[in-house]
Structure formats: structure tokens, C-alpha cells
Amino acid sequence: MTQVSWSPQSWRLRPAAQQPPWPDDDLLERALKELCALPPLVFAGEARSLTRALGEVAEGRAFLLQAGDCAESFAELSADTIRDKLKIILQMAVVLTYGAGVPVVKVGRMAGQFAKPRTSATELVGEVQLDSFRGHMVNDDAPNPQARVPDPSRLVAAYHQSASTLNLLRAFTKGGFADLSQVHIWNQQFVASSDEGRRYEQIAAEIDRALHFMEACGIELSSEHSLHQVDFYTSHEALILGYEEALTRRDSLTGDFYDCSAHMLWVGERTRQITGAHVEFLAGIKNPLGCKLGPSVTPEEVIEICERLDPDRVPGRLTLISRMGTDRVTDALPPLLETVRDSGHLVTWACDPMHGNTFVSNGGRKTRRFDDILGELRGFFEAHRQAGTWPGGVHVELTGDDVTECLGGFGDIAEEQLHERYTTTCDPRLNARQSIDLAFRIAELLRG
Ligand code: PEP
Ligand code: CO
């Protein structure tokens with residue numbers, strides 16, 4: 001292929017996997033044009049702050065917590081849903097910061113996570129074969145053929161839902177809700193009464209005491225902005241490239257291009273081909289980037305990805321998110337860690353312990369075992385210990401709701417219970433209790 005210089009459109013000259021078969025080109029054009037005229041959702045300066053924060057992670061001085069839904073839902077745009085998800089992420093961050101003594105960089109799979117890559121173009125729902133659900137940015141999850149037709153007006157709807165979500169996240173994290181004196185109210189009722197909720201409550205009480213102690217010593221806490229506000233960033237998989245292109249803007253300060261649909265964008269396991277459209281697009285934007293790595297990736301491919309996505313070797317620019325599965329992590333991850341370490345690329349390493357551990361239960365539901373999730377995390381920490389590299393973070397799918405989607409954990413959810421509160425539109429998520437439990441385990445691994 002002849003090399004043309006990068007532009008927000010240059011991905012169009014490359015093969016783009018996972019793009020929906022939009023039925024009407026004119027409608028698509030109209031939607032994309034509308035998006036081009038809408039204001040950016042995030043600012044370039046914020047993306048640069050996240051790169052700096054992730055640089056601290058890459059250097060081994062901080063930890064990344066990237067978490068949220070597998071697929072956000074158009075049906076779930078309520079203050080309660082957003083707040084409850086934020087609560088869990090803040091709680092997990094407290095457990096990690098307090099339990100392991102490292103600053104935690106908080107990034108939501110929120111305010112834009114509306115598109116899903118699918119292994120197969122069709123799926124069996126009950127007795128009927130339907131076109132696969134591709135995320136609410138593309139089609140609807142209802143089990144009928146009409147709902148599954150891609151609809152470009154959904155691109156615009158996704159932008160607006162992202163804007164409202166982000167607005168509320170900003171209000172919550174900057175307007176008092178994330179103040180450290182509020183640690184108790186993040187513990188939701190149904191969590192507080194559980195073992196892991198009580199464990200969290202202990203930490204919250206200790207933090208309270210420490211704050212009172214400092215006040216009693218005459219330390220002026222009201223001016224200490226980091227106690228009262230939280231930096232919370234957004235991220236999603238950059239999958240539907242027309243949407244990402246339309247929200248890509250040139251920063252007036254630096255002249256660089258930023259994809260202003262989120263602070264951080266990642267490329268998935270199914271679209272990370274080195275000559276493909278997704279890698280081409282991401283290579284030219286200045287946001288911090290992620291790349292998922294499954295068990296089939298070779299060390300040579302990982303180096304190609306590093307060179308393509310982080311040619312200037314900027315710490316914080318590239319987060320490699322391994323998702324090997326608990327059975328594969330100990331053999332598949334170490335060669336990658338060693339090769340990247342020896343190449344001199346300073347990347348952030350994160351573990352997605354979810355996507356390599358998915359299976360279909362006897363009842364036909366996609367699920368994951370809490371023990372497999374934990375097993376992959378153990379393997380990830382152990383591999384880093386052996387390679388002398390920093391296990392920089394975790395990437396998990398969770399919800400603030402009391403769902404029954406993943407098996408095991410303290411509540412010990414069994415296969416027969418999965419149907420009780422199974423509400424995900426895509427992959428199974430950890431519920432609030434399982435998430436807090438996991439944070440305690442990760443803190444232990446970090447300390448160890
Ligand atoms: C995801 O993060 O929801 C996803 C599809 O992951 P992966 O690309 O790792 O399969
Ligand atoms: Co998923």
C-alpha cells in the first residue's frame with residue numbers, strides 16, 4: 001500500500017473491520033455531518049493530563065483503574081445509574097489507594113462505550129437467528145430483525161447520551177460528591193450490609209479519623225483540592241471510525257489532532273491489525289491510547305504496535321491491556337513483557353481479566369467465574385514480578401447494580417441464579433459487591 005500522510009480520514013484507505021452494514025449511505029453522511037458540527041466532548045488539555053497521569057503509571061508510581069460497562073445502554077440514562085457506577089469506581093479506588101498506598105488513575109468505560117465488536121455477524125436468540133447486536137450506537141438489542149438494522153441516527157444519539165453522562169460525571173467529581181469526607185455515602189445499602197461492604201466501611205472510618213486528626217492538628221484541609229475533587233477520565237473502544245473521525249478536532253494550542261469523543265481510546269482484540277484502519281486512525285490522534293492483547297498476539301506484533309502507536313516513546317501514550325484468560329496468562333504474557341521491556345518502550349501494562357474468561361453457561365448465558373478473573377490477575381502480577389516490570393492497572397467490566405451475571409464471589413452466585421438479575425446488553429459484569437471484593441484482592445496483590 002502506498003503511504004499517504006495521516007489525516008482524520010486516512011483510515012478510509014485501509015481495510016476497516018467490524019464496521020456496520022449501514023443500509024443507507026445518505027443517512028449515514030447526514031449523521032456524520034451533524035456530528036462534525038457539534039462541540040467536542042472533551043478538551044485536548046484534559047487528554048494531555050491523562051497522558052501525564054498514565055505516564056506516572058508507566059513509571060511505576062501510580063495504578064490505573066479502568067472500569068465500567070461492557071456496553072452502555074440507551075435505556076439507562078439516569079442519574080442513579082451513572083452515580084451508582086461512579087460510586088463503585090470511587091470505592092474501588094479508595095480500597096486500592098488506602099490498601100496499597102499508590103495513587104489511582106480513574107478512567108471510566110463510560111460516556112461513549114456504545115459500540116461492540118462481534119465475533120459473528122449473526123447470533124442465535126432463543127430459536128431465531130438475528131443480526132448481531134453491535135451496541136446502541138449502531139442497532140438495538142431487542143430480539144427482532146427490525147431492531148437489528150443499523151441506524152445512523154444512533155450515532156448522534158450516542159453523542160448526546162455521552163454528553164449528558166459526562167456532564168453529570170463532571171458535576172459529581174468536581175461538585176462535592178467525590179469529596180473524601182463523603183466516603184461513607186459511596187457505600188450503597190445493599191453493599192454496606194455485606195462482608196465486603198463492612199470491610200470497606202472500616203477503611204472509610206479510618207479515613208474519617210485521619211481527616212479529623214489532621215484538622216485537630218490545625219492543618220487547613222479546605223484548601224487541599226485533591227481531598228475534595230477527583231480527576232475522572234472517560235474512555236471507550238474506538239470502533240465505529242466514522243463517529244471517531246467526526247469528533248476529531250485540531251487543538252488550537254498545539255495544532256495536534258485529538259479525538260474529542262473521550263479522553264482515552266482503545267483498539268480492541270478484533271481490530272488491532274497493524275495495517276488496518278483502526279490502528280491507522282489511532283496512530284494520528286494525540287490522546288492516550290489502549291490496545292487489547294489476546295493470547296494469539298506475538299512479541300513481534302506487540303513491538304510493531306508500540307512503534308506504530310508510540311513512535312516518540314512518550315510515557316503514558318500507550319497502555320497495553322492483556323486479556324489472555326486465566327489458563328493462558330502464565331505462558332502467553334511473560335514473553336511479551338520481556339520483549340517490550342528490552343525494546344525500551346515504556347508502556348503502561350494493564351490486565352483485563354474479563355474477556356479471556358468468558359464462557360456460555362448451561363442455561364445459555366454468557367458468564368465469567370470470579371475465581372478465573374482472580375486467577376488471571378494473579379498470573380498478571382506474578383508475570384510482572386518475574387519480568388521486573390510494573391503491573392500498572394486493571395481494566396474491568398462492572399455495574400453499580402446488584403446483578404447476577406458473573407459466577408462466584410462472596411455472594412457465591414451459582415449458574416442457576418444467573419437468570420435472576422441478568423441485565424447486561426453484552427458481556428457479563430461484576431456486580432457492586434464482587435467489584436469491591438475484587439478491589440481488596442487487587443490491593444493485596446499490589447502489596448505482595
Ligand atoms: C471489550 O472490551 O468489551 C472487548 C470487546 O474486548 P476485546 O477487544 O478485548 O475482546
Ligand atoms: Co466486553
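Residues are called buried under 20% relative accessible area, exposed over 50%, and partly exposed in between (1.4 Å probe, protein chains only). The structure described here is a predicted model, in which local features need pLDDT of at least 70 and side-chain atom pairs count only at pLDDT 80 or more, while totals for chains, interfaces and linings use all residues. Residues are numbered from 1 along each chain as its sequence is written, chains are lettered from A and ligands numbered from 1 in the order in which they are written, and side-chain values use heavy atoms, with hydrogens and water left out.

By the accessibility criterion, R154 is buried, with a relative accessible area of 16%. R154 takes part in a salt bridge with D140, with 3.6 Å between the closest N and O atoms; a salt bridge is defined as a side-chain nitrogen of Lys or Arg within 4 Å of a carboxyl oxygen of Asp or Glu. This pair links distant parts of the chain, 14 residues apart: D140 lies in the loop between β4 (128-131) and α4 (153-174), and R154 lies in helix α4. Helices (H or I, at least four residues) and strands (E, at least two) are DSSP runs, numbered from the N terminus. In contrast to R154, which is buried, D140 is partly exposed at 22%.

The structure holds 31 salt bridges. Side chains of opposite charge can pair when their charged atoms come close. Another of the pairs is formed by D342 and R341, with the closest N and O atoms 2.9 Å apart. D342 counts as exposed because its relative accessibility is 57%, whereas R341, at 38%, is partly exposed.

A salt bridge also joins R421 and D402 (3.8 Å, N to O). Both residues are placed in the loop between β14 and α13, 19 residues apart. R421 has a relative accessible area of 37% and is therefore partly exposed; D402, with 31%, is partly exposed as well. Elsewhere, R109, K366, R368, E397 and D427 are joined into one network by salt bridges that share partners.

C70 is buried because its relative accessibility is 0%, and D427 is buried with a relative accessible area of 7%.

R270 is located in the loop between β8 (264-267) and α9 (277-284). With a relative accessible area of 34%, R270 is partly exposed. R270 and E420 are 150 residues apart in sequence, and their C-alpha atoms are 31 Å apart in space.

D24 is found in the segment before α1 (25-37) and is partly exposed, at 31% relative accessible area.
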